[in-house]
Amino acid sequence: MSDSLKLGAHLAAPVEAVRRALTDPAELRVWFAEHAEVELPRRYEFWGRFTPEGDAPHQRLLHADDDTLRFAWLLDGVETTSEIALTPEGPGSTLLTLTQSHFNFAEALAGTTIRGVLQTWWSLSIANLAAHLEGRPLLPKTDFTSADLRGELLIGAPVERVWQSLTDSAQASAWFGYPIGIEPWVGGRYAMGGFEAGYAAKVVDLEPGHRMSVDWGPTGISTWELAESDGKTKLTFVQSGFDEGNPPYAAWSGSVAGLSELRRYHEMADWQPIWVLEELPTGA
């Protein structure tokens, strides 16, 4: 039995609106893929720069009804299965559950197959679906044809508040949804999983209130730069210093997906994360 992953998210829209965003090709081309063609119940295809192995459509529709979408997806020579289920949670709210077969966490860490990007790529896609439904600007999609990993995000909060939430362990752990230990000085640790996890990246550059760079080793250096913009914060983020023949698309997609909650954390008075479930594959 292959490994699989499961993600779940609360979406601020009724089931009908979420289903339309998932099945209307014009909407899909806005938040999801460069190209999309849908003719239910026969065809569900997407491809292009923002899709893993997106040189051509590699999907085969298996099932579609009012609350479930399931398709086979050929990736790195293996036919995987993706399923999206929608459950109404009340007026104007939907629980989306994504199940993806043939995802192995060890392969994701090693970068040995394009299937290793699926967890973070789906996370970024769902975050952009949430933004689309909420009427917020989209996060940068991962371009699998480019090694230029950079993007910008405008956050409706002052620079000082955004800086604190990026460098304070408790706040960063809250909006990212995973323990993060941060020592905000040059030479300090940046530990995904917390300081007790046994491994930490290193802060290699820091200008308080403006810029921080973290060295992750083989996946390169993440740099966040903040600038004031009409009372808001323009956050510029860049990944550099990696092997351009093997860009760290999985790590990049996960970092960008996390910034969706950073923005919501600052812009929503009653902020709650959209994520309700994120499971590593069995045997990870």
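Me: Which residues does Pro 273 touch, not counting residues up to four places away in sequence?
Reply: The model is a predicted one. In it, Pro 273 sits in the loop between H7 and strand E15 (275–279). Leaving out residues up to four places away in sequence, the residues that Pro 273 touches are Glu 261 and Arg 264.

Me: Is Pro 273 buried, partly exposed or exposed?
Reply: A residue counts as buried under 20% relative accessible area and as exposed over 50%, with partly exposed in between. The relative accessible area of Pro 273 is 30%, so this residue is partly exposed.

Me: What distance separates the C-alpha atoms of Pro 273 and Ser 173?
Reply: Along the chain, these two residues are 100 residues apart.

Me: In which helix do Glu 261 and Arg 264 both lie?
Reply: The two residues are 3 residues apart, which is about one turn of the helix. Their side chains meet in a salt bridge, at 3.0 Å from N to O. The helix that holds both is H7 (residues 249–267).

Me: Are Glu 261 and Arg 264 buried or exposed?
Reply: The cut-off for buried is under 20% relative accessible area. Glu 261 has 2%, and Arg 264 has 6%. Since these values fall under the cut-off, Glu 261 is buried and Arg 264 is likewise buried.

Me: Which residues are linked in a network of salt bridges with Glu 261 and Arg 264?
Reply: Side chains of opposite charge can pair when their charged atoms come close. The pair Glu 261 and Arg 264 belongs to a network of salt bridges.

Me: Which residues is Ser 125 in contact with, leaving aside its neighbours within four places in sequence?
Reply: Ser 125 is found in helix H4 (residues 118–134). It is buried, with a relative accessible area of 7%. Apart from neighbours within four places in sequence, its contacts are Trp 31 and Phe 32.

Me: How many helices and strands does the chain have, and what is its radius of gyration?
Reply: The secondary structure comes to 7 helices and 15 strands. The globule rule gives 19 Å for 284 residues, and the chain is close to that value, so it is as compact as a globular protein of that length; its radius of gyration is 19 Å.

Me: What share of the residues of the chain count as buried?
Reply: The C-alpha atoms fill a box of roughly 55 × 40 × 30 Å along the principal axes. The accessible surface of the chain comes to about 12,800 Å². Of the 284 residues, the share that count as buried is 48%.

Definitions and conventions:
Residues numbered from 1 in each chain as written. Predicted model: local features only at pLDDT ≥ 70, side-chain atom pairs only at ≥ 80, totals over all residues. Heavy atoms only, no water. Helix = DSSP H or I, 4+ residues; strand = E, 2+ residues; numbered from the N terminus. Rg over C-alpha atoms; globule rule 2.2 N^0.38 Å. Buried < 20%, exposed > 50% of the residue type's maximum accessible area, 1.4 Å probe, protein only. Areas by Shrake-Rupley, 256 points an atom, 1.4 Å probe, with all protein chains shown as cover. Salt bridge = Lys/Arg side-chain N within 4 Å of Asp/Glu carboxyl O. Contact = heavy atoms within 4.5 Å.
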